[in-house]
Amino acid sequence: MKLAQKMNDGMTTDSSTAIPSPADQSRALRDTLGQFATGVTVVTCRDAAGQPVGMTVNSFNSVSLDPPLVLWSVGRESLGYDAFTRGEHFAVHVLKADQQHISNLFAGRGADKFGQVHWRPGPDQVPLLDDCAAHFHCRLAQCIEGGDHTILLGEVLEFSASGGEPLVFHRGRYRALAGD
Ligand SMILES: Cc1cc2nc3c(=O)[nH]c(=O)nc-3n(C[C@H](O)[C@H](O)[C@H](O)COP(=O)(O)O)c2cc1C
């Protein structure tokens with residue numbers, strides 16, 4: 001892979017000069033992608049045994065209003081991978097600024113996540129977390145292979161917003177929005 005990249009020290013490195021290792025390239029790409037500030041969501045579903053499954057996600061984005069479509073991507077290594085890619089429904093919860101602990105909880109691998117938050121069964125039994133800025137209940141419309149992740153396209157069936165300051169993720173850290 002030829003990856004020209006502007007390094008932090010201002011040097012441009014490409015295949016005609018020193019070739020960074022794949023690990024260095026991967027780290028540089030990850031750091032550069034991290035310049036893009038996002039919100040933070042928790043996506044939930046049920047696994048084949050009916051157990052609640054959830055994970056923290058910042059790849060969420062809007063796709064289309066007509067029909068109403070959203071997307072996010074799940075890593076192949078995620079313990080919830082099968083549940084999300086084989087399930088029929090999922091719910092996306094937009095976290096508020098004071099819900100960093102929920103983001104950390106659902107970013108933990110296989111932890112007892114649902115024993116530590118307030119939630120209820122929503123439509124199609126999909127777990128709905130209490131007190132988030134917004135949620136979208138979706139039908140899984142399509143899975144699209146995307147390298148080490150799979151992109152999930154969801155048709156929005158139901159949604160609501162209660163608002164509040166959002167939790168923001170930027171350069172690997174949680175941030176607050178600057179005041180108006
Ligand atoms: C802010 C933040 C955003 C994340 N976004 C994603 C994402 O979009 N897709 C993904 O697969 N993992 C994402 N992760 C990592 C997962 O939350 C993490 O791998 C989690 O352990 C997965 O849970 P599981 O392995 O129990 O399914 C994110 C983590 C954090 C902290």
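**Entry 1: the nonpolar core**

I looked up the largest nonpolar core, which has 30 residues, and noted that Val42, Val43, Phe90, Ala91, Val92 and Leu95 touch the most other members. A nonpolar core is here a set of buried Ala, Val, Leu, Ile, Met, Phe, Trp, Tyr and Cys residues joined through C-beta atoms within 7 Å. A residue is called buried if 20 or more other C-beta atoms lie within 10 Å of its own, exposed if 12 or fewer, and partly exposed in between, with C-beta atoms placed from the backbone. I recorded the elements that give two or more residues to this core: strand 4, strand 5, strand 7, helix 2 (81-86), strand 8 (89-94), helix 3 (100-106) and strand 11 (134-146). Strand 8 provides the largest share, four residues. Helices (H or I, at least four residues) and strands (E, at least two) are DSSP runs, numbered from the N terminus. I kept a general rule beside this entry: in soluble globular proteins, nonpolar side chains tend to be buried together.

I must note that this is a predicted model, in which local features need pLDDT of at least 70 and side-chain atom pairs count only at pLDDT 80 or more, while totals for chains, interfaces and linings use all residues. Residues are numbered from 1 along each chain as its sequence is written.

I traced an open sheet of seven strands in the order 5-4-8-11-12-7-6, with antiparallel pairing. Two strands pair if DSSP finds at least two bridges between them. Strand 5 and strand 6 are the edge strands, each pairing on one side only. From one strand to the next, the twist averages 35°; the axes are lines fitted to C-alpha atoms, and angles run from 0 to 180 degrees between N-to-C directions.

I then followed one pair in detail. Strand 4 (residues 41-46) and strand 5 are joined by six bridges in the antiparallel sense. Threonine 44 stands opposite glycine 54 in strand 5, and threonine 41 has valine 57 of strand 5 as its bridge partner. The two strands make a hairpin with five residues between them, and glycine 50 in the turn has a positive phi of about 90°.

**Entry 3**

Strand 13 and strand 14 run antiparallel and are joined by three bridges. Valine 168 stands opposite arginine 175 in strand 14.

**Entry 2: the shell around the ligand**

I counted 19 residues around the ligand, of which Thr56, Ser59, Gly75, Leu79 and Gly80 are the closest. A residue is near a molecule if its C-beta atom, placed from the backbone, lies within 6 Å of it. Strand 5 (52-57) and strand 7 each supply at least two residues of this shell, and strand 7 gives the most, with four. I sorted the shell by class as eight nonpolar, 10 polar and one charged residues. Ala, Val, Leu, Ile, Met, Phe, Trp, Tyr, Cys and Pro count as nonpolar, Asp, Glu, Lys and Arg as charged, and the others, Gly among them, as polar.

**Entry 3: covered and uncovered parts**

I checked helix 1 (residues 22-33): its 12 residues should span 16 Å, and its end C-alpha atoms are 16 Å apart, which agrees. The expected span is 1.5 Å times one less than the number of residues. Helix 1 is hardly covered, as the count of buried residues among its 12 residues is zero.

Lysine 113, in the loop between helix 3 and strand 9, is buried because 23 other C-beta atoms lie within 10 Å. Lysine 113 and valine 53 are 60 residues apart in sequence, yet 8.2 Å apart in space, C-alpha to C-alpha.

**Entry 4: backbone exceptions**

I recalled that most residues other than glycine have a negative phi, and that most peptide bonds are trans. A cis peptide bond, with omega about 5°, joins aspartate 66 and proline 67. Proline 67 is in the loop between strand 6 (61-64) and strand 7 (69-75).

Aspartate 124 has a positive phi near 60° and counts as partly exposed, with 17 C-beta neighbours inside 10 Å. Arginine 171 has a positive phi near 50° and counts as exposed, with 12 such neighbours inside 10 Å.
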